[in-house]
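The following explanation is intended to be read alongside the sequence and the coordinates.

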Amino acid sequence: MEIVLVGLNHRTAPLEVRERVSFTNEQARRAADELRSRGLLEETLVLSTCNRSEVYGVPPEAMHESAPGLSSFLSEFHSVQHDLLSVSLYHHYDQQAVRHLFRVAAGIDAMVLGEAEILGQVRDAYKFAHEQRATGPVLNRLFQGALEVGKRVRSETELGARPMSVASAGLKLAERIFGKLKERSALVLGAGAMSELVVSQLRDRGIAHLAVMNRSVERAAALAKEFGGTMVPWGNWDDALLTPDVVVTSVAAEDPVLLRSDLERVMSARGNRALFLMDLGVPRNIEAAASEIYNVYAYNLDDLSDIVQQNRSARESEIPKAELIIDEHVGKFLSWQASVELIGFVAALRQRVQQERSDFLRERLASMRHLSDEDRDHLESMVGDLLEKLLIEPAQQLRGERELRRKIQNVEALRDLFLPGDDKS
Amino acid sequence: MNHAYLILTVLAYSFSLAMYLGFLNTGKNLTGRAATLFLGLGIVAHYFALLERSRGLHTVPYHDLYGSLSLFGWLLALTYLVLELIHQQRSVGPFVLSIVLTVFLASHLAPPDRLSPTPAHGPVFALHVTLSILAYAAFALSFVLSLIYLGEERLLRNRQMGNVVWRLPPLDLLERMSRSSVLIGLFAIAVGTALGFIWVDRLHGQFWYYDPKYVITLLVLLLYAVYFIVARTAAWRGARASKFCVFNFVIVILSFTVVNLYFSQSHRYF
């Protein structure tokens with residue numbers, strides 16, 4: 001009942017390799033089928049995200065033989081040279097594999113520390129594999145544990161609490177001033193990739209009114225259309241800045257496009273309603289002195305990067321709390337795993353003892369012809385009772401005492417000792 | 001006097017304060033709900049503590065400085081709870097509960113009153129005092145909200161984004177909560193003052209005679225009315241309105257302390 005994990009992630013493999021080893025749902029299903037039909041794994045789950053591709057499994061054979069086979073399979077399945085792939089792959093067994101998955105679900109192993117998406121991706125991967133009947137009791141238990149770890153880390157620590165990108169940090173700051181942005185309006189200056197990212201995040205936050213302004217009218221119109229906003233003509237600041245609460249600028253321009261004098265005039269016309277300015281341009285699009293205007297809150301790229309850095313440090317300080325939760329759940333899983341293995345071992349041992357008892361009595365009683373049938377039955381019953389007593393009490397203890405199960409770390413050794421040559425399956 | 005209610009009140013408010021602080025630090029909703037629950041328990045226990053005292057002394061619970069402070073604390077807690085439930089915002093809790101608990105404890109340390117009490121009786125008088133103290137409680141709440149606004153605004157401008165800043169209420173909400181609180185205070189002080197004049201008229205046959213308390217109360221009413229009107233105007237909205245609100249509460253404190261203790265003949269404790 002070993003667990004094996006073979007995979008690669010953003011730390012071990014460059015993007016070109018990650019792209020080639022990623023799985024679509026269809027590929028994940030096919031890989032799981034092939035791994036089982038080839039006898040490499042009995043239970044399989046493929047976890048594939050932008051930053052990682054991992055195969056979790058329960059091999060039928062001794063654990064140290066399964067990882068190289070899985071590496072070769074991945075190389076063959078994705079038609080990637082084995083030498084190229086093997087330098088990027090990592091493999092873990094049992095406790096290390098369990099801990100790795102729990103760290104992934106908690107967001108500790110993510111590219112952006114504490115990111116929330118990974119938990120959903122783990123959930124989806126598990127749901128898909130479960131529906132395909134690729135998982136069994138071990139992987140079911142393992143992934144249910146991982147989902148629980150993810151939820152607890154999210155609710156009991158601050159690991160995912162603060163924004164980690166400049167765009168999301170900026171919008172979070174805007175929420176410190178206005179609250180939820182659902183009833184607010186925003187103006188985005190520029191129609192490049194950064195503007196698109198911000199527009200998308202504004203839409204995710206349910207912004208009520210969205211306007212896009214760009215020197216190139218076509219690009220502004222296209223972006224506005226894509227996200228259900230309106231396009232406003234470039235440069236008419238007095239009208240364009242009259243209503244929005246949030247203004248985001250990401251324009252390629254050598255000089256600031258929004259000057260303090262423009263903003264002072266606009267603020268007067270707005271009745272000094274608070275205005276949040278997020279300047280993502282390099283060089284800056286908003287004159288630095290704008291932040292001195294009453295009720296104007298202006299943040300540039302450096303300000304937001306500093307906040308992101310503060311947030312990163314705050315998230316890192318939460319790792320020990322998350323690790324404690326992971327430790328607890330690794331312990332729980334290993335205890336469950338040991339109990340299942342031990343219960344199987346005890347059942348096999350009882351079967352073997354019953355067999356030995358029958359052979360032993362048949363052999364010895366053959367030479368005791370003076371015993372009556374009643375005496376023979378009585379003797380058989382006594383020996384049976386004695387053996388049952390010797391086995392039942394430890395079996396009951398194993399079922400009831402988690403601490404005892406934890407102490408017995410190597411069931412294989414017990415099997416080798418008491419059931420040599422026995423096939424555990 | 002039944003000390004059980006006093007102990008229960010102190011315990012409930014203390015637990016509530018601890019939970020509010022925990023909520024501000026961790027952001028856990030469960031901790032926040034527990035804080036609200038303990039605040040509710042504290043308010044109930046505090047009510048019975050006031051009731052017991054009134055029954056024991058055969059008079060109103062604001063007969064002396066103890067009663068007056070204690071009633072102020074109770075109404076502050078109650079007003080805050082109402083605002084918290086309306087706005088679904090718990091981050092202000094630690095600041096308000098600190099004041100509630102301090103006021104409640106201070107009310108027990110207040111020296112006994114050796115002066116003859118005001119001939120306090122009748123529903124008009126009772127309403128006059130209760131509404132006046134409710135107004136002070138509401139103004140105290142708006143003062144706390146304004147201070148938080150000014151502190152948070154400064155942190156945002158200085159880019160000092162610690163843990164707490166992310167959990168404090170948005171500036172816009174603080175402004176709205178402060179105005180709601182002032183509105184409650186304005187209504188209470190307007191009706192309470194009018195009832196005061198009616199009661200004095202019944203007692204002395206004339207509704208007005210010179211008492212510095214009258215002057216300062218009318219000044220407070222005027223200042224808060226002006227605040228309420230100008231807080232959303234172009235010139236005042238934002239930090240200026242909050243500073244104005246803080247200034248107004250300084251006048252309230254003067255009214256509640258210096259004027260009551262040293263100048264007023266008939267308003268020693270409310």
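Of the 270 residues of chain B, 44% count as buried, where buried denotes 20 or more other C-beta atoms within 10 Å of the residue's own, exposed 12 or fewer, and partly exposed anything in between, with C-beta atoms placed from the backbone. The model is predicted: local features need pLDDT of at least 70, side-chain atom pairs count only at pLDDT 80 or more, and totals for chains, interfaces and linings use all residues. Residues are numbered from 1 along each chain as its sequence is written, while chains are lettered from A and ligands numbered from 1 in the order in which they are written.

Chain B has 8 helices and 0 strands; helices (H or I, at least four residues) and strands (E, at least two) are DSSP runs numbered from the N terminus. Read from the N terminus, its elements follow the order α-α-α-α-α-α-α-α. Contacts are counted between residues whose C-beta atoms, placed from the backbone, lie within 7 Å. Among contacts in chain B between residues at least 6 apart in sequence, 81% join residues at least 24 apart.

The domain assignment divides chain B into domain 1 (1-116) and domain 2 (118-270); such bounds come from an automatic or database domain assignment. Their contact takes 25 residues from domain 1 of chain B and 26 residues from domain 2 of chain B. On the side of domain 1 of chain B that touches domain 2 of chain B, helix 1 (3-26), helix 3 (65-87) and helix 4 (93-109) of chain B each supply at least two residues. Helix 3 of chain B gives the most to this side, with 10 residues. By class, this side of domain 1 of chain B has 15 nonpolar, 9 polar and 1 charged residues. Here Ala, Val, Leu, Ile, Met, Phe, Trp, Tyr, Cys and Pro count as nonpolar, Asp, Glu, Lys and Arg as charged, and the others, Gly among them, as polar.

Chain B also meets chain A: 14 residues of chain B are in contact with 18 residues of chain A. Helix 6 (residues 171-204) of chain B gives the most to the side of chain B that touches chain A, with 3 residues. That side of chain B has 8 nonpolar, 3 polar and 3 charged residues.

For chain A, the domain assignment gives domain 1 (4-161), domain 2 (166-306) and domain 3 (330-418). The C-alpha centres of domain 1 and domain 2 of chain A are 41 Å apart. Another separation in this chain is that of A:Gln81 and A:Arg364, which are 283 residues apart along the chain and whose C-alpha atoms are separated by 64 Å. A:Gln81 is found in the loop between helix 3 (66-77) and helix 4 (82-86) of chain A, and counts as exposed because it has 8 C-beta neighbours inside 10 Å.

Two helix pairs of chain A may be examined in turn. How do helix 7 and helix 14 of chain A run relative to each other, roughly parallel or roughly antiparallel? The axes of helix 7 (residues 137-156) and helix 14 (residues 319-365) of chain A come within 10 Å and cross at roughly 160 degrees; axes are lines fitted to C-alpha atoms, for helices over the stretch in contact, and angles run from 0 to 180 degrees between N-to-C directions. The two helices of chain A are therefore roughly antiparallel, given that angles under 35 degrees count as roughly parallel, over 145 as roughly antiparallel, 65 to 115 as roughly perpendicular and the rest as oblique. Residues of helix 7 of chain A in this contact include A:Arg141, A:Leu142 and A:Glu148, and those of helix 14 of chain A include A:Ile325, A:Phe333 and A:Trp336. By class, the contact has 8 nonpolar, 2 polar and 5 charged residues.

In the second pair, the axes of helix 8 (residues 166-178) and helix 13 (residues 301-316) of chain A come within 9 Å and cross at roughly 95 degrees, and these helices of chain A are therefore roughly perpendicular. Helix 8 of chain A contributes A:Val166, A:Ala169 and A:Gly170, and among the residues from helix 13 of chain A are A:Leu301, A:Leu304 and A:Val308. This contact has 6 nonpolar, 3 polar and no charged residues.

Backbone details of chain A remain. A:Arg133, in the loop between helix 6 (117-131) and helix 7 of chain A, has a positive phi, near 60 degrees, and is exposed, with 10 C-beta neighbours inside 10 Å. Phi of A:Asn272 is likewise positive and near 60 degrees; A:Asn272 lies in the loop between helix 12 (260-269) and strand 9 of chain A and is buried, with 20 other C-beta atoms within 10 Å. Finally, the peptide bond from A:Val282 to A:Pro283 is cis, with omega near 0 degrees, and A:Pro283 is placed in the loop between strand 9 (275-279) and strand 10 (296-300) of chain A.

Technical notes: Contact = placed C-beta atoms within 7 Å.
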